[in-house]
Amino acid sequence: MASVDIVGVGKSYGTQKVLQGIDIAIPDGEFVVLVGPSGCGKSSLLRMVAGLEEISEGTIAVGGRVVNKVPPKQRDIAMVFQNYALYPHMTVRENMGFSLKLRGAGKAEIEKGVGRAAEILGLQALLDRHPRQLSGGQRQRVAMGRAIVRQPQVFLFDEPLSNLDAQLRVSMRGEIKALHQRLGITAIYVTHDQLEAMTMADRIVVLNGGHVEQVGRPLELYDRPVNRFVAGFIGSPAMNFLTGRLASEGGAAYVESDGVRLPLARRPEAADGRALSYGIRPEHLTLTGAGAGLPAIVEVVEPTGASTYVSARVANTPISAVIAERRNPAPGSTLALYPQLDHVHLFDAETGKRIG
């Protein structure tokens, strides 16, 4: 395996810049997930690492070797696509061994490589089937097996689970993570699903509008987002934001939003009157006695068994709360919700940057 170093990389189509100043250092054996909304440039960046698209500026190095001008087949990289890209007329065995056959490998070497990959992925009983005879999850395992057979330096995954149903996506996430841990592979994984990113990554790269917003371990991004965009993108359900102005009374600071006082554990590094976004995750809102919390007018209640999701309004702003208790408040009723103060996040209302 090998490290991947992306330094000052940019991509333009004519006058339109889709990526600017991308700097990401990926050590040998790390599983990095690129995540962001549609159009943020994550798939374009992955394709540039693979050599399927040229970069407009900067350098990409694999194992210390700059590969800007190196053709894809000489980069020693394997890619797993969203649509599997299997040859329909070939068996599973032939699909998995095809890259070795192109290299001129002998029959014994191909059989050994295919057998090893099939054992890792539990495909031994499927080797003589054709893709049309496989389920979506089995086809995805074959696509991963084809990559394993090549024994590349780096594995690239381009939204490989988006065509699978929800239950199968969960099991395949575990399989890919277990495969990474077993093989010690260097992997770059692209997804728009922040839950996939949180559960699979060693580190997450959050992209937005062609820029890197933040790089860090999953819980670092969850606990200490650098700006409102990252705070709202990471976490499910998404973080609540209420806009107001910093104020204080009797030595206690709070954010006033449409007549509602949003409590703070301590005074932030800001002057009274500053416009702020007050962020609190749904799971960090707890039920309290009437008059002691934020008055939340219930709109929708969604019981899930383990918890209850409540959509409500506080200070004319829609919010969500995840309540651990089995409660079924009626729409139109008022709940008192109190934010866990150590989990409150403050952001500048204009720039979106985090405030200490």
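This is a predicted model: local features need pLDDT of at least 70, side-chain atom pairs count only at pLDDT 80 or more; totals for chains, interfaces and linings use all residues.
**Entry 1, α4 against α5.** I began with helix α4, which spans residues 136–150, and helix α5, which spans residues 166–183, and I found that their axes come within 11 Å and cross at roughly 20°. Since angles under 35 degrees count as roughly parallel, α4 and α5 are therefore roughly parallel to each other. I noted the handedness of this crossing of α4 and α5 as right-handed. On the α4 side I listed G136, G137, Q140, R141, M144 and I148, and these meet L168, M172, E175, I176, L179 and L183 on the α5 side. Sorting the residues of this contact of α4 with α5 by type, I have 7 nonpolar, 3 polar and 2 charged.

I then turned to helix α3, residues 107–121, which packs with α4 at an angle of about 135°, the two axes being 9 Å apart. I recorded α3 and α4 as oblique to each other, and their crossing, too, is right-handed. From α3 the residues G113, V114, R116, A117, I120 and L121 take part, and from α4 they meet R141, M144, G145, I148 and V149. The residues in the contact of α3 with α4 divide into 7 nonpolar, 2 polar and 2 charged.

Which residues have the most contacts inside the largest nonpolar core? That core has 48 residues, and the ones I wrote down for it are M96, M144, F157, I176, Y189, I204 and I234.

I checked how far α1, residues 42–50, is covered, and the helix is mostly so, with 7 of its 9 residues buried. The buried residues of α1 are K42, S44, L45, L46, M48, V49 and A50. After α1 comes G51, for which I read a positive phi, near 90°.

Where do positive phi values turn up in residues other than glycine? I looked at E159, whose phi is near 45°, and located this residue in the loop between β7 (154–158) and α5. E159 has a relative accessible area of 14%, and is buried because the limit for that class is under 20%. A315 likewise has a positive phi, about 55°, although it is not a glycine, and I placed A315 in the loop between β17 (308–314) and β18 (317–323). With 10% relative accessibility, A315 counts as buried. Last, I looked at the peptide bond from S236 to P237, which is cis, with omega near -5°. P237 is found in the loop between α8 (228–233) and β11 (240–249).

Technical notes. Residues are numbered from 1 along each chain as its sequence is written. Side-chain values use heavy atoms; hydrogens and water are left out. Axes are lines fitted to C-alpha atoms, for helices over the stretch in contact, and angles run from 0 to 180 degrees between N-to-C directions. Helices (H or I, at least four residues) and strands (E, at least two) are DSSP runs, numbered from the N terminus. Angles under 35 degrees count as roughly parallel, over 145 as roughly antiparallel, 65 to 115 as roughly perpendicular and the rest as oblique. A crossing is left-handed if the near helix is turned anticlockwise from the far one by less than a right angle, and right-handed if clockwise. Contact means heavy atoms within 4.5 Å. Ala, Val, Leu, Ile, Met, Phe, Trp, Tyr, Cys and Pro count as nonpolar, Asp, Glu, Lys and Arg as charged, and the others, Gly among them, as polar. Buried means under 20% relative accessible area, exposed over 50%, partly exposed in between (1.4 Å probe, protein chains only). A nonpolar core is a set of buried Ala, Val, Leu, Ile, Met, Phe, Trp, Tyr and Cys residues joined through side-chain atoms within 4.5 Å.
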